[in-house]
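This briefing walks through a single protein model by topic, beginning with the conventions behind its terms. Please keep the sequence and the coordinates at hand while reading.

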Amino acid sequence: PVVCFVDPAAPQDMPHHQRIADGVVDSGRAWISTTTVSGQPTIRVCITSHHTTTRHVDTLVDLLENARR
C-alpha cells in the first residue's frame, strides 16, 4: 500500500516535509519520499514487502518522529 500524509505542524511547507523524508532516508533504515497530492505537499510511504511487520511500521513512525525534531 501507498500512504501519503502531511505533518500538521507545517502543512503547506514542502521543504519541511522534504527534511523529514531526508532524515528518515539518511538513517538507512527506511526509504520514503515526498510528493504533491492535489497541490498539498505530502510524505509518501510505500510498503512493498510481504515480510513487513508491525515492528517495521513502528520503527518508521519512530524515525518520522525523530526527523521532525
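Helices (H or I, at least four residues) and strands (E, at least two) are taken here as DSSP runs, numbered from the N terminus. The model is predicted, and local features therefore need pLDDT of at least 70, side-chain atom pairs count only at pLDDT 80 or more, and totals for chains, interfaces and linings use all residues. Residues are numbered from 1 along each chain as its sequence is written, and side-chain values use heavy atoms, with hydrogens and water left out.

**Salt bridges**

- The structure holds two salt bridges, a salt bridge being a side-chain nitrogen of Lys or Arg within 4 Å of a carboxyl oxygen of Asp or Glu.
- One of them links D7 with R68, with the closest N and O atoms 2.8 Å apart; because D7 lies in the loop between β1 and α1 and R68 in helix α2, the pair ties together parts that are 61 residues apart in sequence.
- The other pairs E65 with R68, where the closest N and O atoms are 3.7 Å apart, and both of these residues lie in helix α2, three residues apart, about one turn of the helix.
- Through shared partners, the salt bridges join D7, E65 and R68 into one network.
- D7 is buried at 6% relative accessibility, whereas R68 is partly exposed at 36% and E65 is partly exposed at 35% (buried means under 20% relative accessible area, exposed over 50%, and partly exposed in between, with a 1.4 Å probe and protein chains only).

- Leaving aside neighbours within four places in sequence, D7 is in contact with H16, H17, I20 and R68, contact meaning heavy atoms within 4.5 Å.
- D7 and R69 are 62 residues apart in sequence, and their C-alpha atoms are 12 Å apart in space.
- A21 lies in helix α1, which covers residues 14-26, and A21 is buried with a relative accessible area of 1%.
- When residues up to four places away in sequence are not counted, A21 touches I32, S33 and T34, while the C-alpha atoms of A21 and T35, 14 residues apart along the chain, are separated by 11 Å.

- T34 has I43 in β3 as its bridge partner.
- The hairpin has two residues between the strands, and S38 takes a positive phi near 50 degrees there.
- Most residues other than glycine have a negative phi.
- S38 is exposed, with a relative accessible area of 80%.

**Cysteines**

- A search of the whole structure finds zero disulfides, a disulfide being a pair of cysteine sulfur atoms within 2.5 Å.
- C4 counts as partly exposed at 35% relative accessibility, and C46 counts as partly exposed at 40%.

**Nonpolar surface patch**

- I47, V57 and V61 make a nonpolar surface patch of about 190 Å².
- Patches are made of residues with over 30% relative accessible area and no salt bridge, with like charges joined within 9 Å and nonpolar side chains (Val, Leu, Ile, Met, Phe, Trp, Tyr) within 5 Å; accessible areas come from the Shrake-Rupley method with a 1.4 Å probe, and for residues only the protein chains shown count as cover.
- V61 is found in helix α2 (residues 54-68) and counts as partly exposed at 41% relative accessibility.

Technical notes: Two strands pair if DSSP finds at least two bridges between them.
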